[in-house]
Structure formats: structure tokens, C-alpha cells
Amino acid sequence: MKLEKNTVLTGELTGPEGMQPAPFKAEISPCSWMYPGYGLQFRVELESGDWTMVTNKAILFDDAEESHAMALIQELKVCPCKKCSQPAFDPSTCLSNRGGVCERCFLKQLRAECEAEQAKEEQKLKRKDARLKKQGFTHRIDAWIHPASGGDDYQVSIWMVNPTEKDIHKELRKLESCEVNDFKKIEL
Ligand SMILES: [Zn+2]
């Protein structure tokens, strides 16, 4: 059967021995019919939401049959996710930075790493607060600097002794911020 522009294929991808085949849904990528000579490309998605692309430059859309597409898609294999054992794409059969981890676990891992990084930063700041308090500082100013010369805004922390609003404005102007009211004053 010839492929249509809106062809959606379903089937199962196999994995290592003993693993249940994983159902997939594959949609043809518009590039396949929009650009002459592009070849055949599909977006293949597992039930968990993991997805990847498969491409074969040698098969043109106009000549493509469903069987070509199925053969191309089934070059993809699945493997049990290293964390939860649910089907994930076998990274040796596709372009993936997931390393054999399913989408859900990958995102969970990413979030955990991000939170750990934030917690570490907070601890660092707290230690610095304590150290500077001993030295006589009374406040930390967390401010956004909006560079007068343009460029990206960035955040700074400044430790001060009983600063008035005017003192803080002065510090922020020294850093060439064109907005000097974008700060939080935290007592140590
Ligand atoms: Zn997983």
C-alpha cells in the first residue's frame, strides 16, 4: 500500500529476548513529502511518550510503500528502561541522548539533578551569610542587574551593613544597572 501524507502506522517494536514487544505509533514527517529528494522520515512514539525519528534517504515518498516504512521503523529496538523496566528506545538503534532510560525517568532524573544543584547553591549562600554576619554585615541584597549597555540581565548578591535604599541604589548603579529597584533585602 502506498503511503499518504497523513499515514499513521502502528505496530510493535521488539527488544531483547524475554522482553514484551512495545506498541508504537508512527507519523510520517512532513519533510518526507514537502522536500523533493528528502527521503522517508517517521516520528515514532512509544506509549510512554518517548519518541524518536527514523530516516531513510534512499526511499522517496512517491515510491514509498507501507512495507518500506514498517521495515524502517522496525529497525528501532526497545530495551527495558534502566530505572523502571518500562520500554525505552534502545540507544544503539536510534539517535538518543537518553542512554536507555525512558522519557519519564529521564525527566525525573533531570529534575532531581536540578533540585540537588539548587539546594547546593542555597547551602553555599547560607554558609557565606553566616561567615559575613560574623564579620559585621547585616543584610544580603539579592538584585537583578539590568545592564545599561544592553545584554542579558543577571543576578547578584551583595552583603552590606545596615544599608538604606539610597546605599543600595548606589551599589546597583556601580554595577551599571539601569533599574535599581529590582532587589530583595534579606536580614542576616
Ligand atoms: Zn523508566
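Tutor: Start with domains. Their bounds come from an automatic or database domain assignment. This is a predicted model, and the chain is divided into domain 1 (8-104) and domain 2 (113-187). The C-alpha centres of domain 1 and domain 2 lie 49 Å apart.

Student: What makes a residue count as buried, and what share of the chain does?

Tutor: The cut-off is 20 or more other C-beta atoms within 10 Å of the residue's own. Buried residues make up 18% of the 188.

Student: Which elements make up the chain, and in what pattern?

Tutor: There are four helices and nine strands. Along the sequence they read β-β-α-β-β-α-β-β-α-β-β-α-β.

Student: What makes E1 and E2 a pair?

Tutor: Pairing takes at least two bridges between the strands. E1 and strand E2 (residues 22-28) have six, in the antiparallel sense. One example is Val-8, whose bridge partner in E2 is Glu-27.

Student: Which sheet do they belong to?

Tutor: They sit in an open sheet of four strands, ordered E1-E2-E3-E4, with antiparallel pairing. E1 (8-13) and E4 (51-56) each have a single partner strand, so they stand at the edges, with one side left without a neighbour in the sheet. Neighbouring strands are turned by 30° against each other on average, direction ignored. Helix H2 (residues 66-73) packs on this sheet and touches E1, E2, E3 (40-46) and E4. The direction of H2 makes about 55° with that of E3.

Student: How do you know that E8 and E9 are edge strands?

Tutor: Look at the order of the open three-stranded sheet: E8-E7-E9, paired antiparallel. E8 (154-160) and E9 (183-187) each have a single partner strand, so one side of each is left without a neighbour in the sheet. The twist averages 20° from one strand to the next.

Student: What joins E7 to E9, and which helix lies across them?

Tutor: Five bridges join E7 (residues 139-145) to E9, and the two run antiparallel. Asp-142 stands opposite Lys-184 in E9. Helix H4 (residues 165-174) lies across E7, E8 and E9, at about 45° to E7.

Methods: Residues numbered from 1 in each chain as written. Predicted model: local features only at pLDDT ≥ 70, side-chain atom pairs only at ≥ 80, totals over all residues. Buried ≥ 20, exposed ≤ 12 C-beta atoms within 10 Å, placed from the backbone. Axes fitted to C-alpha atoms, helices over the stretch in contact; angles between N-to-C directions. Contact = placed C-beta atoms within 7 Å.
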